[in-house]
Amino acid sequence: MIKTYLMLIVSLLVSVSALAQTETFRLTDFYSGDGIIRLQGKSDAIDVPIPLSAATRVNSAKLRIEVTSSQALIKKRSQLYIRFNNATIGQVAYDPDRPSLVSEINIPTALWRPGFNSLTLAVSQHYAMQCVDGNAPELWSEVNVYNSTLTLDTAVGDKPFMLESLSHFFNPGIGGQRKVALYTALEPDTSIYQKTLPLAAQALALRNQYQPLHVKHAAFADNYELPDVSELLRGTSLSDRVGNSLDRSNATSKALNDEFWNEDNIARFERSAWYVTPQKQQPIHVLVGTVEQLSPVLSDDLVNEINGAFLKTQNTPAFIVNNTVVTPASLRLIVSGTTQEEVYEAAKALSVMDDAINPITQVTVLSQSEMDASKLQKHEVLTPDNTYTFQDFGVATAQFRNEGDFRKRVPLRLPADFYVPENASVKLLLDFGYGAGFGPGSVMNVSVNGELVHGLALNNINGQSFRDYQLTIPARFFKGGINNIDFDVTQRAPLAGVECDDIPGSHLVFQLDDSSAIKLPDAGHVAVQPNLALMSETAYPFARFKSAPASTINIPTEVFLDSALTLSAKLAQVAQVPLLNVEVALGNEISTSTSAFVLGTPESLSSVEQAEFSTAIEATKRWSYRLQNNMYNRIRNFTEDKSFKEMRIDGHTVQQSDLGEQAVLTAQRHPTATNSDTLFIVAAQTPDLLEARILDLVSLSLWGQLGGDFFAWKNSQAPSLVMQVSDKFEVGEADDKWLHLRLWLSNNPWYWLFGFIALVVVVSVITYLLLKRRNQQVQDSW
């Protein structure tokens with residue numbers, strides 16, 4: 001009994017230490033601005049939000065700050081304050097004789113909390129003992145947030161692993177799991193590959209929110225082989241394991257191994273996750289399959305409990321021999337059922353469940369309603385021709401105090417295929433107010449997607465309050481997908497009128513209420529394709545507002561399954577909902593009913609119909625080189641424009657070559673679809689290279705740079721080339737024939753010219769005939 005307890009204690013200690021890790025992050029990993037933060041004026045501050053997974057325990061944290069300050073700043077009064085969750089953890093005194101310095105600060109572990117932690121860098125800057133002009137240009141300091149680092153020693157917490165913990169492990173914060181293995185039987189049913197595995201991958205990726213999730217597929221054997229542990233047994237007395245029947249000097253390795261594998265040790269080995277290949281930063285793995293398929297790795301008691309769509313979290317113990325870990329402890333999620341359909345139902349429940357209300361280890365799903373792909377894809381999407389308050393889509397009241405510059409961002413999500421006439425407008429009905437004592441320079445500016453649309457001076461000395469303050473904004477400032485309305489408020493104290501006498505701005509207050517509303521116009525649902533930027537922002541055309549047609553991610557063989565699962569998970573993250581209409585299709589036959597993603601190598605893509613494509617990726621490639629459009633390059637060089645522009649060309653270069661380390665993503669009109677739709681192709685030279693490039697593509701740094709319809713890259717930093725080379729076409733339902741006609745004409749402007757010329761000719765002919773007839777009548781009257 002004592003040995004058993006000791007073994008359990010050792011198992012726990014080993015499992016905890018195996019999951020501990022030390023990582024170093026740049027502050028730019030948490031800050032979306034420039035690599036240099038400039039703090040200007042007599043006082044300024046910047047907040048850097050640092051997310052932490054609830055499943056992670058911080059053992060130690062060290063912050064390294066690299067800062068450069070103005071030589072005009074005086075000692076003692078000029079300082080940089082470092083606060084963490086409102087507690088001051090460090091002060092750096094500026095010295096004009098040492099304008100560049102590096103400081104290291106330890107962050108107390110007691111200050112860390114799950115979710116977002118606020119790291120505040122604030123300055124107090126002076127160039128004189130008194131009479132300081134707060135806007136003087138010499139009042140500045142710069143923090144190099146790219147070179148500044150945060151080093152964390154973390155470990156997985158010791159809380160029980162329950163369903164409510166899933167969102168703690170798969171979390172965008174520090175310690176969140178970025179890689180997961182989905183285990184199935186060696187030969188699972190077709191629907192497991194096609195439907196259930198992609199949905200399970202999406203369910204976990206949605207918990208990661210915006211952080212990409214690398215999904216791997218693995219299979220376990222029906223029968224296990226007991227490992228040879230004789231070498232591990234030689235280090236201790238044999239009497240502890242095999243009794244005195246064998247003499248140590250004469251025992252053979254086989255005898256040692258055979259004697260060790262008694263019923264108790266075999267049972268202990270079976271309870272461990274013997275089929276798992278140990279991976280760092282991957283504490284959780286997933287078992288997917290019917291109860292019959294999973295029976296080789298589940299206990300008999302657990303097999304008997306599965307009588308429907310089944311979800312369970314479970315701790316597997318480590319298997320230890322002579323203080324050496326043979327199979328590490330792990331956490332596993334089981335997605336199972338008695339039939340393939342029940343396994344799929346379990347995956348659907350996993351994709352929509354709120355983990356926090358499931359502080360248990362297992363559930364059996366009895367029924368589900370409203371689990372329709374088209375209904376789910378309207379989640380958090382505002383419907384045109386409706387009025388919404390800010391509170392309706394989760395934007396709370398904002399209140400700004402003291403002197404300074406403040407911003408309130410109001411994000412809203414419109415249908416990806418949002419399309420309105422050019423004269424349509426969106427109305428903002430704002431409820432806001434500001435207090436008394438605002439000085440010159442106090443303003444509120446309103447921007448939509450970076451475009452300034454309104455400004456208001458806050459110049460009433462007694463303050464003012466507005467209700468239903470109406471702004472009419474052209475709808476062309478809005479786009480399909482995520483839109484950002486920014487309220488930039490500058491608060492300045494009044495002028496004292498006396499030299500060397502400042503009025504503090506602590507009395508200043510501005511409030512924007514959540515009762516403010518937005519009124520959307522009626523809109524059609526048409527999108528212009530191909531458009532990789534729209535796909536990266538909204539997952540269109542795989543996620544749509546009015547319908548959710550079945551779509552596929554086609555792979556030539558199972559070797560490409562990991563890439564397909566990772567891509568499926570990313571598309572769900574972008575859409576912010578599980579894509580029940582997206583499946584993985586194995587083989588060379590591509591769906592002709594709707595849009596599709598095709599993954600492969602140049603050789604495997606030779607079977608895909610690409611005769612009409614401007615860019616074809618096969619064993620023999622057809623490229624649309626930039627220099628084949630001379631006018632485009634002249635304009636681009638003249639304006640020094642380094643971005644892509646729309647380019648439609650007829651010339652091609654056909655060549656036979658490899659792709660090398662590079663991958664290519666193209667989007668073009670589906671050549672065989674029954675309706676207008678888009679075919680996406682991702683190609684790399686080998687399956688392994690394709691998986692690596694897919695991981696680069698879904699990264700936070702590269703995915704946001706998608707654009708045009710041709711995208712080439714070979715790392716996660718920047719694309720090699722971005723172009724728009726194909727003719728555009730329309731996809732969707734306009735609901736209004738005139739609206740659809742206007743959209744078609746706006747994307748084919750030459751028809752306007754031809755129509756205008758034809759109209760002029762017709763009017764001219766009619767005028768000529770009328771004048772000729774009139775002239776004949778006049779002559780007859782003579």
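Guide: Let's start with cavities: on a 1 Å grid over the protein atoms alone, a cavity is a set of points where a 1.4 Å probe fits but cannot get out, and its lining residues have an atom within 4 Å of a point. Grid points are joined across faces, edges and corners, and a volume is the space filled by probe spheres set on the points. This is a predicted model, where local features need pLDDT of at least 70, side-chain atom pairs count only at pLDDT 80 or more, and totals for chains, interfaces and linings use all residues. Residues are numbered from 1 along each chain as its sequence is written, and side-chain values use heavy atoms, with hydrogens and water left out.

Visitor: How many cavities of 30 Å³ or more does the structure hold?

Guide: There are two. About 120 Å³ of space lies in the largest, and its lining includes Gln-377, Arg-413, Pro-415 and Phe-545.

Visitor: How does that lining divide by class?

Guide: Ala, Val, Leu, Ile, Met, Phe, Trp, Tyr, Cys and Pro count as nonpolar, Asp, Glu, Lys and Arg as charged, and the others, Gly among them, as polar. The largest cavity has eight nonpolar, two polar and two charged lining residues. For the second largest cavity, with a volume of about 80 Å³, the lining has seven nonpolar, six polar and no charged residues.

Visitor: Which element gives the largest share of the second largest cavity's lining?

Guide: Helices (H or I, at least four residues) and strands (E, at least two) are DSSP runs, numbered from the N terminus. Here β33 gives three residues, the largest share.

Visitor: Which strand does β33 pair with in the parallel sense?

Guide: Two strands pair if DSSP finds at least two bridges between them. Strand β33 (residues 596-600) runs parallel to β37 over five bridges, and Phe-597 stands opposite Phe-680. On β37 there is also an antiparallel pairing with β36 (residues 663-669), through six bridges.

Visitor: Are the two faces of β37 covered or open?

Guide: In a regular strand the side chains alternate between the two faces of the sheet. Buried means under 20% relative accessible area, exposed over 50%, and partly exposed in between (1.4 Å probe, protein chains only). Both faces of β37 are covered: Thr-678, Phe-680 and Val-682 are buried on one side, and Leu-679, Ile-681 and Ala-683 on the other.

Visitor: Why does Asn-135 count as exposed?

Guide: Asn-135 counts as exposed because its relative accessibility is 65%. By contrast, Thr-552 is buried, at 14%.

Notes
1 Å grid on protein atoms, 1.4 Å probe; cavity = no way out; pocket = protein on both sides within 12 Å on 5 of 7 lines; lining within 4 Å.
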